[in-house]
Amino acid sequence: MRLSTVILPIHRWAEGQKIWQRAEDLGFHTAYTYDHLSWRSFRDRTWFGALPTLTAAATATSRLRLGTLVTSPNFRHPVTLAKELISLDDISGGRITLGIGAGGSGFDATALGQEAWTPRERADRFGEFVPLLDRLLTEDAVTQQGTHYSAVEARNIPGCVQRPRLPFAVAATGPRGLRLAARYGQAWVTTGDPKLYETGTPEQSVEALREQSEKLAAACEEVGRDASELDRILLTGFTPDRNAPMGSVDAFVDFAGRHAELGFTEIAVHAPIPDSDFAIDPAVYERIATEAPAQLA
């Protein structure tokens with residue numbers, strides 16, 4: 001079980017640099033950030049861009065893996081995204097993971113002036129976005145005409161440092177998204193079942209995650225892939241447990257152990273943010289980072 005963290009892009013770099021460096025010092029496997037234009041309660045607060053933040057973090061660290069949780073088509077295009085990712089992978093020395101999902105109906109969905117897409121439209125776009133991005137990151141030149149996304153002689157030389165490309169961690173719970181994870185992902189990401197967040201129980205959440213994991217295995221079988229090849233990442237804070245697992249080292253080890261039994265190989269926890277949904281005790285957060293991995297080995 002690997003332990004990773006999520007550092008929201010809310011800090012001016014003079015402060016943010018120390019937080020990313022501290023994540024490396026604490027031994028986290030990966031430090032992710034959200035790739036949004038704004039997000040929920042932070043809409044009217046400081047919020048910086050994900051890829052510039054990760055670029056700065058890459059120059060301020062040397063061992064820590066870095067990534068997005070998650071990038072989506074809401075305001076990204078595969079051609080321009082691929083160029084930025086190849087550059088970021090080079091700057092980081094091959095330490096980038098792309099968390100990628102279909103996006104939602106939040107602020108990003110209409111920021112460019114379009115109507116919010118329906119769930120089916122998001123799935124249609126995601127179904128084009130991921131395969132085209134895969135090609136752009138693995139081929140020197142790509143021409144492809146799609147319904148939503150196209151590329152015309154898009155050049156991406158020299159390609160990624162990581163070969164054949166940087167890894168995709170695909171966020172998905174529905175059948176179409178799970179098939180994309182099975183075909184293109186090096187990892188699968190979930191936050192659990194959102195329907196259980198308000199009124200569900202931790203036990204119901206574990207069962208829902210078990211069902212999601214079984215559906216992923218079925219999707220892998222459908223495309224002829226061994227499901228054990230994919231890492232399974234749980235982004236915490238969105239299950240009925242909320243922040244309870246971050247109350248103590250013992251509580252976290254119990255939580256992580258129950259999810260390790262479901263096959264999860266990585267758990268991502270949010271770095272503390274006062275006056276937010278992630279207002280956890282910084283001292284407990286650091287103890288979890290340094291003490292929990294040995295208990296979960």
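**Notes on the barrel and its helices**

1. Strand S2 (residues 30–33) and strand S3 (residues 65–71) run parallel and are joined by four bridges, where strands are DSSP runs (E, at least two residues) numbered from the N terminus. Within this pair, tyrosine 32 stands opposite glycine 67 in S3.

2. This is a predicted model, in which local features need pLDDT of at least 70 and side-chain atom pairs count only at pLDDT 80 or more, whereas totals for chains, interfaces and linings use all residues. Residues are numbered from 1 along each chain as its sequence is written, and side-chain values use heavy atoms, with hydrogens and water left out.

3. Eight strands, paired in parallel, close into a barrel in the order S1-S2-S3-S4-S7-S8-S9-S10; two strands pair if DSSP finds at least two bridges between them. From one strand to the next the twist averages 25°, with angles running from 0 to 180 degrees between N-to-C directions of axes fitted to C-alpha atoms, for helices over the stretch in contact.

4. Helix H6 (residues 202–222; helices are DSSP runs of H or I, at least four residues) packs on the sheet, where it touches strand S8 (187–190) and strand S9 (231–235), and its direction makes about 150° with that of S8. Contact here means heavy atoms within 4.5 Å.

5. Helix H1 (residues 13–25) packs against helix H2 (residues 50–60) at an angle of about 60°, their axes being 10 Å apart. The contact is made by Trp13, Gln17, Trp20 and Gln21 of H1 together with Thr53, Leu54, Ala56, Ala57 and Ala60 of H2.
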